[in-house]
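The exercises below are meant to be worked through with the sequence and the model side by side. Each one gives a task and then a solution in steps.

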Amino acid sequence: MNILVNGGAGYIGSHVVKQLGEQGDHHITVVDNLVTGFEDAVLYGDLVKLDLSEFDKVDKLFEEKKFDAVIHFAASLIVPESVSDPIKYYMNNTVNTTNVIKCCIKHGVNRFIFSSTAATYGEPDSSLIPIKEDAPTAPINPYGSSKLMSETILKDTAFAHPDFKYIALRYFNVAGASIDGKIGQSTKGATHLIKVAAETACGKRDKMFVFGDDYDTPDGTCIRDYIHVEDLASAHLKALEYLEEGNDSDLFNCGYGHGFSVLEVLETMKEVSGVDFKVEINDRRAGDPAILVSDNSKIKKKMGWQPKYDDLKLICKTALDWEKKI
Ligand SMILES: NC(=O)c1ccc[n+]([C@@H]2O[C@H](COP(=O)([O-])OP(=O)(O)OC[C@H]3O[C@@H](n4cnc5c(N)ncnc54)[C@H](O)[C@@H]3O)[C@@H](O)[C@H]2O)c1
């Protein structure tokens, strides 16, 4: 297949490009402005350094390359920044995505895989956990809203253009690095728990913080569903196959269907690293639900996706090994 991967130099995109490259039967073009991505993370295909806001250039690329499918990761994704600078998020995550969808329609590209997020669910009622795809969406920040808007635009476009099919994947908490250690998360100033814990275990930070230990959970800290980046990447390959088989547009959660508390994650990172790093308890952050865990039965049943790395120790170990390398 001739595939355009927008944001393929980023953390998750580069793992998908790697798996597509290893399949061997694709022509891959990565478009990335390298704002948070890294050229050396792109192990396969051609990298085109381009900002997706440059519509004419994106349109020209579609004209020249005759893609069969688009996988769209490119986005801005720092939640507090989305609160202070919402326009940046609506421009990059919604307007630029809409322009790419527009190019797909114009140039007859009928397969689109979209990176969405559990942030579209907002702070779900605890009775809805583990959360299913048909739970109400109620994002509580511009980041989540900007992604939900793109989902709506995809849905409306697919309705108006029946040949156009899309899959939106709502990721839960993505973590870890490639099993062979070749790529991982290099994001600067990342706020992701496992990445921060790996940095602290490596001595790149003096200490780290736990935001709230008075939640209604067994140890008082928030519970999240951590998915290994290789399993998440394989869901994209499955999604492409699913559309190739002639299935309809759809929306799927990507998670393991069970969670770990912040303290459990930190204990695991301490165990795999052998470093008893310093952890301080801070106040809660606004907008952190106590528990956010996926119901992943839909993607397993409809796409036949089977995770291989549902193992918190392995997730922490791959993240740590990568952190030591960079
Ligand atoms: N990391 C997570 O835990 C997580 C969770 C849920 C959803 N997501 C979604 O997954 C996707 C990928 O996230 P990631 O963690 O790999 O982030 P990332 O920042 O590592 O990757 C994003 C990539 O897109 C590129 N990019 C951004 N704006 C661009 C533009 N206008 N033009 C061209 N390139 C542009 C960046 O340079 C970067 O390489 C995002 O859409 C994000 O919202 C991530």
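**Exercise 1. The shell around the ligand**

Which helices and strands each supply at least two residues of the shell around the ligand?

Solution. Before starting, note that this is a predicted model, in which local features need pLDDT of at least 70 and side-chain atom pairs count only at pLDDT 80 or more, while totals for chains, interfaces and linings use all residues. Residues are numbered from 1 along each chain as its sequence is written, and side-chain values use heavy atoms, with hydrogens and water left out.

Step 1. Helices (H or I, at least four residues) and strands (E, at least two) are DSSP runs that are numbered from the N terminus. The elements that each supply at least two residues of the shell are helix 1 (11-23), helix 4 (86-107), strand 5 (111-117) and helix 5 (142-160).

Step 2. Strand 5 gives the most to this shell, with 3 residues.

Step 3. A residue is near a molecule if one of its heavy atoms lies within 4 Å of it. The ligand is surrounded by 29 residues, and the closest are Asp 32, Thr 36, Phe 73, Tyr 143 and Lys 147.

Step 4. Sorted by class, the shell holds 15 nonpolar, 11 polar and 3 charged residues; here Ala, Val, Leu, Ile, Met, Phe, Trp, Tyr, Cys and Pro count as nonpolar, Asp, Glu, Lys and Arg as charged, and the others, Gly among them, as polar.

**Exercise 2. Polar contacts and burial of the ligand**

Solution. Step 1. A polar contact is a pair of N or O atoms within 3.5 Å; within protein, one must be able to donate a hydrogen and the other to accept it, and residues adjacent in sequence count only if both atoms are side-chain atoms.

Step 1. Taken alone, the ligand exposes 820 Å², of which the protein buries 96%; accessible areas come from the Shrake-Rupley method with a 1.4 Å probe, and for residues only the protein chains shown count as cover.

Step 2. The side chain of His 192 also makes a polar contact with the side chain of Gln 185 (3.3 Å). Gln 185 is placed in the loop between strand 7 (173-175) and helix 6 (193-201), and with 6% relative accessibility Gln 185 counts as buried, a term for under 20% relative accessible area, with exposed meaning over 50% and partly exposed in between (1.4 Å probe, protein chains only).

**Exercise 3. Aromatic rings**

Describe the ring pairs Phe 62 with Phe 67 and Phe 209 with Phe 211.

Solution. Step 1. Rings of Phe, Tyr and Trp (its six-membered ring) pair if their centres lie within 6.5 Å, and planes under 30 degrees apart count as stacked, over 60 as edge-to-face and the rest as tilted. By this rule the count comes to 5 aromatic pairs.

Step 1. The ring centres of Phe 62 and Phe 67 are 5.4 Å apart and the planes stand at 85°, so this pair is edge-to-face. Phe 62 and Phe 67 are both buried.

Step 2. For Phe 209 and Phe 211 the centres are 6.4 Å apart and the planes at 40°, so the pair is tilted. Phe 209 counts as partly exposed at 31% relative accessibility, and Phe 211 is partly exposed with 29%.

**Exercise 4. Backbone details**

Where do Leu 34, Lys 66 and Pro 130 lie in the chain?

Solution. Step 1. Leu 34 is in the loop between strand 2 (27-32) and strand 3 (46-49); its phi is near 60°, a positive value in a residue other than glycine.

Step 1. Lys 66 is in the loop between helix 2 (55-65) and strand 4 (69-72), has phi near 50°, and counts as exposed at 55% relative accessibility.

Step 2. Pro 130 is found in the loop between strand 5 and helix 5, and a cis peptide bond, with omega about -5°, joins Ile 129 to Pro 130.
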